[in-house]
Amino acid sequence: MTRGLFILFEGCDRSGKTTQSTRLVQALDDSGIKAKLLKFPDRTTAIGKMIDGYLTQKSKLSDEAIHLLFSANRWEAMNQMRADLESGITLVVDRYAFSGVAFSAAKKLDFKWCKAPDVGLLAPDRVFFMDIHPDDAAKRDGYGEEIYEKREFQIEVRVKFFSMMDSSWSVVDANKDADEIHRQIMVLTKRAFKKQEEDQSSIS
Ligand code: T5A
Ligand code: NA
């Protein structure tokens, strides 16, 4: 059984992660590849409901407490994610631990402290960074409703994301037309499947 791929979308707020991750899962399904869409925070769990209350500014939490809740919200999904990947399902994930670190570090929490609770989580095979300048994101529908959607803060978050990138990341120009972005994501995804195939044939 070939393991599924773990494909992650990251980016600043309103960069189009949900739009593109949804389209990718649909396209994979259409081409007969089993794929599942996951989104963090998962606001449906007990922990997720606490996170939602914080984001929508209905409740207050310290920076440290909300950071740990975001991490716990990933840990509670881990067993299912591992089982899915092992059974050959590709996971397309909308935000993950890099968001956790970027947003909390942008609040000036210590970078190493921010990374610690996520150590041991499954790592993504590929990361697509949806890159948009916060000034362009601010023009999109619904911007400014949640706690972090403020210009100066988003600029800081974007810098933190860039500081965490390695060769598994691709920076995608998220200010382009959604169809064009989707086509680019498909090219990058096909390349990731091909690489997995090549890696497997070289060890067997
Ligand atoms: N957070 C998250 C942490 O602090 N720590 C953590 O550990 C985690 C996981 C909520 C907040 O939580 C923070 C980060 C966030 O501030 P969320 O639930 O992912 O995280 O936030 P959402 O509000 O759901 O999502 P975003 O605001 O990030 O938006 P998306 O998903 O990037 O963008 P999307 O696809 O919903 O599109 C936004 C708008 O733009 C349009 C869409 O139609 C929509 O109206 N759009 C485009 N317009 C023009 N051109 C394009 N190419 C477009 N693509 C989409
Ligand atoms: Na979203």
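This is a chat about a predicted model of a protein chain and the ligand beside it.

Trainee: Hi! How many helices and strands does the protein chain have?

Mentor: Nine helices and five strands. Keep in mind that the model is predicted. Reading from the N terminus, the elements go β-α-β-α-α-α-β-α-α-β-α-α-β-α.

Trainee: And what does the radius of gyration of the protein chain say?

Mentor: The chain comes out at 17 Å, and a compact globule of 204 residues would be near 17 Å, so the two agree. The C-alpha trace spans about 50 × 35 × 30 Å along its principal axes.

Trainee: What share of the residues counts as buried?

Mentor: That would be 34% of the 204 residues. As for contacts with a separation of 6 or more, 79% of them join residues 24 or more positions apart.

Trainee: Okay, let's pick a helix. Which residues of α8 are buried?

Mentor: Q154, V157, R158 and F161. Down the axis of α8, the buried residues fall within an arc of 105°, so they line one face of the helix.

Trainee: Why would residues three or four places apart point the same way?

Mentor: An α-helix has 3.6 residues a turn, so residues at that spacing point the same way.

Trainee: Then what sits on the face of α8 turned away from the buried side?

Mentor: Exposed residues: E152, V159 and S163.

Trainee: How far does α8 reach, end to end?

Mentor: Helix α8 takes in residues 151–164, which is 14 residues, and reaches 21 Å from its first C-alpha to its last, close to the 20 Å expected.

Trainee: Which residues is F128 in contact with, leaving aside its neighbours within four places in sequence?

Mentor: F9, S170, V172, I185 and L188. Also have a look at I7: it is 121 residues from F128 in sequence, but their C-alpha atoms are 7.7 Å apart in space.

Trainee: New topic: ligand 1. Which residues come nearest?

Mentor: G16, T18, F70, G100 and F103, out of 24 residues around ligand 1. The elements giving two or more residues to that shell are α1 (17–30), α5 and α9 (178–203).

Trainee: How do the residues of that shell around ligand 1 divide into nonpolar, polar and charged?

Mentor: Evenly: eight nonpolar, eight polar and eight charged.

Notes
Residues numbered from 1 in each chain as written. Chains lettered and ligands numbered in written order. Predicted model: local features only at pLDDT ≥ 70, side-chain atom pairs only at ≥ 80, totals over all residues. Helix = DSSP H or I, 4+ residues; strand = E, 2+ residues; numbered from the N terminus. Expected span 1.5 Å × (residues − 1). Buried ≥ 20, exposed ≤ 12 C-beta atoms within 10 Å, placed from the backbone. Arc of directions from axis to C-beta. Near = placed C-beta within 6 Å. Nonpolar A, V, L, I, M, F, W, Y, C, P; charged D, E, K, R; others polar. Rg over C-alpha atoms; globule rule 2.2 N^0.38 Å. Contact = placed C-beta atoms within 7 Å.
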